[in-house]
Amino acid sequence: MKIKSALLPLWRAKFTQPVLATLTGVLLYLWLPLFKAPDWLVQLNSLSRDEQQEQLKNLNSFYKKYGEAALPALHAQLELDKLRRFEQQLIDDNKNFDDQDRDELWADATEFMIAHLTQNVANNQLRLLDSECRNNLCRMVLEAPQGLTPEYRALVLKLAGSLKTGDLEFQQLTEGNKRITLELKSDKRLKYGYFAAKKLNPPEKAQWQAEIKTWLQ
């Protein structure tokens with residue numbers, strides 16, 4: 001019994017290792033197309049058949065009309081559409097002030113402009129308690145001892161009009177205890193982190209755009 005128990009690990013190694021190696025080879029063979037396929041094709045493959053048909057409806061009609069010559073342009077369009085969807089997801093993820101990181105240069109310059117306009121446009125009748133800008137949103141807090149009276153509202157609207165000329169669109173006003181909070185939005189493009197920016201601008205992007213331009217011409 002001792003001899004059998006001693007030989008058992010050797011027997012298992014002799015027969016299980018080839019089996020594991022074979023299974024690994026089969027899995028790699030099955031997964032290899034996924035490693036080579038473009039990202040949009042992998043994503044499409046994860047959808048149900050009905051969802052795939054819906055995604056490819058316009059492309060199918062385009063291909064039927066133009067045939068094989070359309071394939072480079074179709075591939076380019078699919079890849080560019082994927083980049084646009086990714087950017088839209090980034091925009092959605094940064095739509096709230098608290099979700100945004102700070103774009104230092106723009107934020108510093110814009111906070112300076114807010115302080116300057118608040119002091120000068122309303123002839124020092126508005127007191128700025130705090131201002132903070134992040135990626136494309138700014139939040140400012142104004143003192144309002146009497147609340148949002150008609151006179152005070154007129155001053156705030158005057159300030160908002162001046163800020164609009166400085167590329168800040170009024171978005172939201174929240175009244176608090178003896179203060180109001182204004183949230184403003186710029187139409188500047190979001191500044192993304194290193195990895196997100198790199199993903200949005202792959203080396204192949206210029207080639208895809210060229211393929212579309214060539215097809216349109």
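**Close-up views of a predicted chain**

**View 1. Alanine 107 and its neighbours.** Leaving out residues up to four places away in sequence, alanine 107 touches Arg102, Cys133 and Arg134; touching, or contact, means heavy atoms within 4.5 Å. You'll find alanine 107 in helix α5. Helices here are DSSP runs (H or I, at least four residues), strands are E runs of at least two, and both are numbered from the N terminus. With a relative accessible area of 0%, alanine 107 is buried. Buried means under 20% relative accessible area, exposed means over 50%, and partly exposed is in between (1.4 Å probe, protein chains only). Cysteine 138 sits 31 residues away along the chain, yet its C-alpha atom is 8.1 Å from that of alanine 107.

A quick note on what you're looking at: this is a predicted model, where local features need pLDDT of at least 70 and side-chain atom pairs count only at pLDDT 80 or more, while totals for chains, interfaces and linings use all residues. Residues are numbered from 1 along each chain as its sequence is written, and side-chain values use heavy atoms, with hydrogens and water left out.

**View 2. Asparagine 94 in its loop.** Asparagine 94 lies in the loop between α4 (71-93) and α5. Is this residue buried or exposed? Its relative accessibility is 14%, so asparagine 94 counts as buried. Its side chain reaches the backbone oxygen of leucine 90 at 2.8 Å. Again skipping residues up to four places away in sequence, asparagine 94 touches Asp99, Gln100 and Leu190.

View 3. Helix α6 has 16 residues (150-165), which should span 22 Å at 1.5 Å a residue, and its end C-alpha atoms are 23 Å apart, so the two agree. That expected span is 1.5 Å times one less than the number of residues. Which residues of α6 are buried? They are Tyr152, Leu155, Val156, Leu159, Ala160, Ser162 and Leu163. These residues cover an arc of only 165° around the axis, so they sit on the same side of α6; the arc is that of the directions from the helix axis to the C-beta atoms. Over on the other side, Pro150, Glu151, Leu157 and Thr165 are exposed.

**View 4. What α6 packs against, and what comes next.** The buried residues of α6 pack against α5 (104-120), β2 (137-143), β3 (169-176) and β4 (179-185). Just after α6, aspartate 167 takes a positive phi of about 75°.

Technical notes:
Polar contact = N/O pair within 3.5 Å; in protein donor to acceptor, adjacent residues only side chain to side chain.
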